[in-house]
Amino acid sequence: MTEKLDYELAVIGGGLAGLSVAVRASELGCRTAVFERGPEGDYLCNSRLTGGLFHIAMDDMTDDEDIIKKRLKEITSDLENDVQVKALSETAHESLEWMKKKGVRIIKAGPDGLRKNALAPPGVRSTGYFNGGKPYWQGRSGDVMLKTLSKRLNELGGEIVYNAAAVDLIVASESKCIGVIVEKDGKKTNVCANNVVIADGGFQANKDLIKKYISNVPGALMQRNAGSGLGNGILMAEKIGAKTIGEESFYGHLLYKEALNDDRFWPYPVIDSLATGSMIVDENGRRFCDEGMGGVYITNQVARLRHPLSSVVIFDSTAWEHGPGKDWLIPPNPFLIKAGGKLIEGQSIAKLSEQLDIPEENLKSTIDAHNYFVEQGFVKADEPVRTVGSVKSYPIKTPPFYAIPVCAGITYTMGGILTNENGQVINKNDDVIEGLFAVGACTGGLEGGALVIVVVYLRPWYLGIEQELISLATIDNCNI
């Protein structure tokens, strides 16, 4: 090691989770440093790309704690997360107010709970990574938020070290973390710290981990993210015995298949509403999942297919012109066409099958079963389960008939390091690893599950410093 640095708190990652922890600790007088792998300035992370909605389970995070708790328990019924649900419910409103006091501007972006608290200036929701010749996020939403928090951290005497990649945790024993090894400019430095916080995001951009947990064909998933989430924090924690949970689930949306090769088609439009309101089939023209579960669920199921790029959304002209084709924030009609995308079209099911190279008999029988569900309210015995979701289901009867080839767009992974309600990392013996905490998208336990439903974008965590419990709010990655 070339040198040795000492802090009371070392934070790995300069996204919203890491900066929130660092600012709050610095307010309490702790000597704090954030180690960010990216360069000084506009280093990319999901927090910078966010559309900027603060919400819990797609609803108002300033609701009464009992309402939030009930909502979370309903939507995460298969997860054992009572302590995390309690912590989130009790401190959500306070956490948002804390953000405002740091200078982060929050506005009302819509009439519903989902949009009641949004970052300002509002994020630009458009097709394509660039807007008017510059990245769509520049000078807006998450970009401004991170710069605001960084400035506040510097004013409080905290430090951000750029181009500094955490490569290993330092442990005194199996039960205590005492620092982190950081590599900068080819040199490794021992950073000694009473407390270490891992806040470097999920593993969505790590193809090896994606293959291990999510998809046999990681290259078939569109990286609908900043490309910075490599899961290094998760791997470092696992190396010293940390328990992980829920790595098989991710947050994402269905995208036009060409998004894999053309920046015009990401992060929008998303094809979720069409798949939910109509149907999605594989290369054999067969349904393979419950479309009523929504876009995030469907996207996860696409990623798990043997051939993820074989999936196609099927719908008719009524759904396209008057239904889910025009639904959601940036719907495929008209934005997919405006961006240069094309629908596959047929005046009959036979013609559409021919265009898709799908057996006509298979596609016709699948569409007949779908229409039976729409009209009768239940599926036939030999069909996958189909539930009624938030998007109205439309029959496929009115020509012309359409298809959109899709891919799974991954925004961030839901699983990761297991923590308790205080944000302390838990080891494989279910004991606390002293001195080690984790926050944000590198953690698991409050999202995903069997239903793969997006649960929260804001989590409170507690970090014990100088015998004071600190309520820390973090957007759990980005709402794009």
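Modeller: Happy to! In β17, Y412 is the bridge partner of Y251. This is a predicted model, where local features need pLDDT of at least 70, side-chain atom pairs count only at pLDDT 80 or more, and totals for chains, interfaces and linings use all residues. Residues are numbered from 1 along each chain as its sequence is written, and side-chain values use heavy atoms, with hydrogens and water left out.

Biologist: How do you know that β13 and β17 pair?

Modeller: Two strands pair if DSSP finds at least two bridges between them. β13 (residues 250–256) and β17 (residues 401–413) have seven bridges in the antiparallel sense, so they pair. Strands here are DSSP runs of E, at least two residues, numbered from the N terminus, and helices are runs of H or I, at least four.

Biologist: Why is the pair of Y43 and Y162 called tilted?

Modeller: Rings of Phe, Tyr and Trp (its six-membered ring) pair if their centres lie within 6.5 Å; planes under 30 degrees apart count as stacked, over 60 as edge-to-face and the rest as tilted. The centres of Y43 and Y162 are 6.0 Å apart and the planes stand at 50 degrees, so this pair is tilted.

Biologist: And what makes Y251 and Y412 stacked?

Modeller: Their centres are 5.4 Å apart with 25 degrees between the planes, so the pair counts as stacked.

Biologist: What makes R48 a charge over the ring of Y43?

Modeller: The rule asks for NZ of Lys or CZ of Arg within 6 Å of the ring centre and within 35 degrees of the ring normal. The charged end of R48 sits over the ring of Y43, 4.6 Å from its centre.
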